[in-house]
Amino acid sequence: GNTTFTNVVVLNNLSGTTPVFTTSLLAPGDVTNFTGSYLAPTNCSATSLSTVIAQSLCGGSVSNTASSTCPILTTPLIALTQNCPLLPAIPGGLLTYSGSVSNAGNTFLTNVVVVNNLSGVTPVFTAASLAPGATTNFTGSYLAPADCSSTSLSTATGQSCNGGATNSVITLCLLTTTPAIAITETCPPGPVTAGTTVTYGGLVSNPGNVTLTNVLVYGSQPSNHTPLLGPLQLAAGASAPFTGSYVALSGANPMTNTTIQTNLSVTIIANTTTDIVTNQTTILTTNTVTSTFGTIDAVTGILTDRFHVPGGLHGLMYADQDQNWGPTLFYTIAEPATGANTLNTLSTIPPAVGAVTPRFDLTSTNLDALTMAAPDVGYGAVNFYYVRHNNDGVTTFGEIIAQGASTSADLWPVPNSGYTGLAFAATDVGYGANLFYYVRNAASGLAMFGTLNPTPGGIATDRYTVGTNCDSLVYVPSAVSSWGTGIFAYLRHATIAGITGSVIGTIDPVTKVATDRLILGTNYLNALTFTATDVGYGPNLFYYLRPASALVATNLTTTFTTNLVTTLVTNTVTSYLTNSLVTFTPTNTVTAIGMDLCLDRTVVAAANCLGPIAVGLIQPAAPYISAPILTGGAFTLSLATETGKSYTVQFKARLSDLVWTNLSTVPGTGNQLIITNPTSPNEPTRFYRIMVTP
């Protein structure tokens, strides 16, 4: 205008009643700037109205308004959680999960939808809108699969004025499995006689709700425990037939049927002279004590003795490299002969025949395990390494140099005792490259799997337990059957379902799970190695040494004495002939054994001709924690318990932590208990142990 204004005031409808600008004078043509502020709404834009009022020096007042719509930068975010049911569902049963969906952004979300890939196309939750910071819960369900666990994917979506938001979460829920096995036997009708062949059959089935592995069927006749069926895998509800036969020698309920013939006349001719040769003498001499060299086929489960070798051998290692005596040889440590040199000897075994050849004496005794490392781990390339013990129980790690120098030496002592197996892996399987691995039997009765750093003065570290009574260890870099790649194989002796013998199993260094694979019968084995090379018996085989047995040589000495016998009497004799036929009911018990695919629980059942014999589930020795599973920011543990005891689960984030934190205390029920333990992003690892009372 053309007049001066006084008391100039600027107000904004969103900034409150306080003016955003005032000035006492504003001359004609003058311009001045102002600023104001207000809290932005949770929308994509904000429209505000500013009003100016002023007084004229000449009298009267003037006003004007202006509005503006300002865009607001929004961040649409949606958060989602999903939880397993407190009580695990059973395979094939209804699994009801819960969760929550929340608006983690700074703007309203509309048309909020949550779907789950296993619950069908119908959403498990919908909401017309969700304000920033708001959270709401939901539940959903689906039929659990016939498996050890169920993994489902939930996805949440929402719309905003500035685009959409989406998020997904994957949850693995353990299922309550009930392993079971059943067996029936069909025997021939009626009694049988001694010496006849009895053929029988039957059916082994899986009435539980979890797959069984390593299913074997044995018969008690004959008593050599040769499997009639297996090992095989049986899905829940599946069955498999088996047959067997044996020569009947005895049984139940013997019955005698007798027929007598009388007055049978027999005439004896007299005056006969006979020369009788008598006194034949046989002398048996036991000459040598031997061991047996053989193969194990992991695909078929067949153990085959190949040839005899001298006794007193410890450790077995295959080498493709020429160590002075040619490639493709097996190496072992021979004990000294009685009364001879007291040193152990490095010896070679060609794969075709059992010609064990001593190569050179070692400077150490009492060697317990042998392996080879092709890379140079600090002592030269392509060397053998050993662990041994002295009479004071001290364990020592040492090397054997075969190429060129042919020497051996102790390197440094290692802690603890009971070492029975040594292996080497150049590949990093979780603890670093170029490390040695061992199994040892601790004083507690458990077998420990650990690593041994070859750095001078390096550290031997127990990693985790792998059962009991381990005898040997070998690293298997290639795939063997369905056991996996980059695994360790062990031998241990155990009694399973009444069968005492050797068991070959595997250790997966990634999952840290030890699994018994094959029961090898009653042959105790004390050395194991592996090679993918076909050395005459096929590729990808394990090789073993079986302990000493007697090899008997027979020397026959015969003497002859001639006696002259003259018969001078003639008689007619009436004799009585009795014919007796003995019959009996055949008795044979068949036993089925299998392993739960989910929790490695063993089930066993037996039957005979009269019907089934209740055996049931063989629970693992408690306490026993299955491998923890990390899902949705929480670890899930499965704990085997015994009735009458109390179990306190403790954890810590690092092995170096000095203090264990109590998680929960639960009473034992004799069954598996499921425990959930939430973790945090700054704790990538968690370690667990159990305290048992009383």
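1. The link between C148 and C598 is left-handed, with -90° about the S-S bond. The sulfur atoms of C148 and C598 sit 1.8 Å apart and form a disulfide. C148 lies in the loop between strand 9 (135–143) and strand 10 (149–160), and C598 in the loop between strand 42 (590–596) and strand 43 (602–608), so the pair ties together parts that are 450 residues apart in sequence. Keep in mind that this is a predicted model.

2. C598, with a relative accessible area of 22%, is partly exposed.

3. How many disulfides does a search of the whole structure find? The search finds 2. Besides the link of C148 and C598, C84 and C173 form a disulfide, with sulfur atoms 2.1 Å apart. The torsion about the S-S bond of C84 and C173 is about -95°, so this disulfide is left-handed. The pair of C84 and C173 links distant parts of the chain, 89 residues apart. C84 is in the loop between strand 5 (78–83) and strand 6 (94–103). C173 is in strand 11 (residues 163–174).

4. Next, the surroundings of that second pair. C84 is partly exposed, at 30% relative accessibility. C173 is buried, at 2%.

5. Two further cysteines deserve a look. C70 has a relative accessible area of 36% and is therefore partly exposed. C470 is buried, with a relative accessible area of 0%.

6. Strand 10 also holds S152. At 1% relative accessibility, S152 counts as buried. What does the side chain of S152 contact? It makes a polar contact with the side chain of Q82, at 2.8 Å.

7. Now the aromatic rings. The count comes to 29 aromatic pairs. In one of them, the rings of F651 and Y688 have their centres 6.4 Å apart and their planes at 45°, so the pair is tilted. This pair links distant parts of the chain, with F651 in strand 48 (residues 646–652) and Y688 in strand 51 (residues 687–693), 37 residues apart. Both F651 and Y688 are buried.

8. Which residues do ring pairs link into a cluster? They are F293, F307, Y318, F330, Y537 and Y543.

9. Which strand gives the largest share of the lining of the second largest pocket? Strand 26 does, with 7 residues.

10. What kinds of residues make up the lining of the second largest pocket? The residues divide into 24 nonpolar, 12 polar and 3 charged.

Notes
Residues are numbered from 1 along each chain as its sequence is written. This is a predicted model: local features need pLDDT of at least 70, side-chain atom pairs count only at pLDDT 80 or more; totals for chains, interfaces and linings use all residues. Side-chain values use heavy atoms; hydrogens and water are left out. Helices (H or I, at least four residues) and strands (E, at least two) are DSSP runs, numbered from the N terminus. Ala, Val, Leu, Ile, Met, Phe, Trp, Tyr, Cys and Pro count as nonpolar, Asp, Glu, Lys and Arg as charged, and the others, Gly among them, as polar. A disulfide is a pair of cysteine sulfur atoms within 2.5 Å. Buried means under 20% relative accessible area, exposed over 50%, partly exposed in between (1.4 Å probe, protein chains only). Rings of Phe, Tyr and Trp (its six-membered ring) pair if their centres lie within 6.5 Å; planes under 30 degrees apart count as stacked, over 60 as edge-to-face and the rest as tilted. A polar contact is a pair of N or O atoms within 3.5 Å; within protein, one must be able to donate a hydrogen and the other to accept it, and residues adjacent in sequence count only if both atoms are side-chain atoms.
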